[in-house]
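Grab a pencil and open the viewer. Below are some exercises, each with a solution worked out in steps.

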Amino acid sequence: MCTSLTTCEWKKVFYEKMEVAKPADSWELIIDPNLKPSELAPGWKQYVEQHASGRFHCSWCWHTWQSAHVVILFHMHLDRARRMGSVRMRVFKQLCYECGSARLDESSMLEENIEGLVDNLITSLREQCYGEHGGQYRIHVASRPDSGPHPTEFCEACQEGIVHWKASEKLLEEEATTYTFSEASKPRAQAGSGYNFLSLRWCLFWASLCLLVVYLQFSFRSPAFL
C-alpha cells in the first residue's frame with residue numbers, strides 16, 4: 001500500500017518501465033527510510049542519484065522551496081535463479097531554513113522528473129545486476145534556478161556523508177573543460193596558417209613592386225626610337 005502520492009507514482013512508473021526493460025523477471029520497489037549508504041548486504045549493488053530536483057513543504061511553518069540537490073539512494077539485488085529482483089529506495093530529506101525546525105521534510109516531484117529518475121535507476125540496474133550496457137544517464141536540473149549555494153547543514157544526505165554536486169555547475173564545468181580541451185588540441189599549423197598565407201602574399205607584393213621599379217628605370221634610360 002502506498003504511503004503518499006509520490007510513493008505511488010514511483011512504484012507505478014518503476015513497474016511499468018521494468019515490464020518493458022525486463023519482462024521475464026519480477027521486480028519490486030520498497031521504500032526504506034533507514035537505508036544507509038555503502039552498507040550493503042552480500043550480492044546487493046548501490047546506485048546514488050545525486051542531482052534530482054524536487055519541491056519541499058515545511059510541515060511546521062508551511063514554507064515551500066525548490067531544490068536541485070535532492071539525493072536518492074538505491075540498493076538493488078537480483079536473484080537470477082528465481083528471476084526475482086528487489087530495489088530498496090530512500091529519498092533524503094531537508095530541513096526548513098526559514099523556521100529552523102528540527103523536523104525533516106520529504107520532497108515531492110513531478111511525474112516527468114520521476115520518469116527520468118527511474119530511467120537512470122534502470123540504466124544502473126542493467127549495468128550492475130545484468131552486466132549490460134545500460135545507456136546514457138540523464139541529468140536533471142530544477143525547473144527554476146537555485147537561489148544560492150547548497151546549505152549542507154539543512155541536508156540529510158550531507159549529514160550522512162554523501163557528497164553531491166550541483167548539476168548546473170557540473171554541466172558548466174564540463175562544457176568549459178570540453179571547450180578548453182578542444183581549443184588546446186587544435187593543430188598549431190592551423191593556427192598559423194593565416195600568418196603563413198599573409199607572409200606569402202606580402203612577399204609576392206614586394207617582389208612585384210621591385211620588378212615594376214626596375215622595369216620603369218630601364219624604360220626611362222633606354223634611347224627613344226623615332
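**Exercise 1.** Work out whether arginine 83 counts as buried, partly exposed or exposed, and find what its side chain pairs up with.

*Solution.* Keep in mind that you're looking at a predicted model.
- Step 1: Find the residue. Arginine 83 is in the loop between β3 and β4 (84-91).
- Step 2: Apply the cut-offs. Buried is under 20% and exposed is over 50%. Arginine 83 has 45% relative accessibility, so it counts as partly exposed.
- Step 3: Check the backbone. The phi of arginine 83 is near 55°, which is a positive value in a residue other than glycine.
- Step 4: Follow the side chain. It makes a polar contact with the side chain of aspartate 25, at 2.6 Å.

**Exercise 2.** Now take aspartate 25: is it buried or exposed, and which residues does it touch away from its neighbours in sequence?

*Solution.* 
- Step 1: Aspartate 25 is in the loop between α1 (5-21) and β1.
- Step 2: Its relative accessibility is 9%, so aspartate 25 counts as buried.
- Step 3: If you skip neighbours within four places in sequence, aspartate 25 is in contact with Leu78, Arg83 and Tyr130.

**Exercise 3.** Describe how the rings of tryptophan 27 and tyrosine 130 are arranged, and say which parts of the chain they tie together.

*Solution.* 
- Step 1: Count the aromatic pairs in the model: there are eight.
- Step 2: Pick out this pair. The ring centres of tryptophan 27 and tyrosine 130 are 6.4 Å apart and the planes are at 50°, so the pair is tilted.
- Step 3: Tryptophan 27 lies in strand β1 (residues 26-31) and tyrosine 130 in the loop between α2 and α3 (156-159), so the pair ties together parts that are 103 residues apart in sequence.
- Step 4: Check burial. Tryptophan 27 and tyrosine 130 are both buried.
- Step 5: Look over the ring of tyrosine 130. There you'll find the charged end of lysine 22, 4.2 Å from the ring centre.
- Step 6: Spot the cluster. Trp10, Tyr47, Phe74 and Tyr137 are linked by ring pairs.

**Exercise 4.** Check the span of helix α2, and list some of its buried residues.

*Solution.* 
- Step 1: Helix α2 covers residues 111-129, which is 19 residues.
- Step 2: From first C-alpha to last, α2 reaches 26 Å, close to the 27 Å expected at 1.5 Å a residue.
- Step 3: The buried residues of α2 include Asn113, Leu117, Asn120 and Cys129.
- Step 4: See what follows. Glycine 131 comes after α2, and its phi is positive, near 70°.

**Exercise 5.** Which side chains do serine 53 and glutamate 49 make polar contacts with?

*Solution.* 
- Step 1: Find serine 53 in strand β2 (residues 45-57).
- Step 2: Serine 53 has a relative accessible area of 2%, so it is buried. Glutamate 49, at 1%, is buried as well.
- Step 3: The side chain of serine 53 makes a polar contact with the side chain of asparagine 113, at 3.3 Å.
- Step 4: For glutamate 49, the partner is the side chain of tyrosine 47, at 2.8 Å.
- Step 5: Leave out residues up to four places away in sequence, and glutamate 49 touches Val70, Val71, Ile72, Phe74, Leu117 and Asn120.

**Exercise 6.** Zoom out: how many helices and strands does the chain have, and where is the pLDDT below 50?

*Solution.* 
- Step 1: Count five helices and seven strands. From the N terminus on, they run α-β-β-β-β-β-β-β-α-α-α-α.
- Step 2: Of the 226 residues, 32% are buried.
- Step 3: The chain averages a pLDDT of 77, and 71% of the residues score at least 70.
- Step 4: Over residues 141-145 the pLDDT is below 50, and this stretch has eleven contacts beyond near neighbours in sequence. Residues 167-198 are below 50 as well, with eight such contacts.

Terms used. Residues numbered from 1 in each chain as written. Predicted model: local features only at pLDDT ≥ 70, side-chain atom pairs only at ≥ 80, totals over all residues. Heavy atoms only, no water. Helix = DSSP H or I, 4+ residues; strand = E, 2+ residues; numbered from the N terminus. Expected span 1.5 Å × (residues − 1). Buried < 20%, exposed > 50% of the residue type's maximum accessible area, 1.4 Å probe, protein only. Polar contact = N/O pair within 3.5 Å; in protein donor to acceptor, adjacent residues only side chain to side chain. pLDDT = per-residue confidence, 0-100. Contact = heavy atoms within 4.5 Å. Phe/Tyr/Trp six-rings, centres within 6.5 Å; stacked < 30°, edge-to-face > 60°. Lys NZ or Arg CZ within 6 Å of the ring centre and 35° of its normal.
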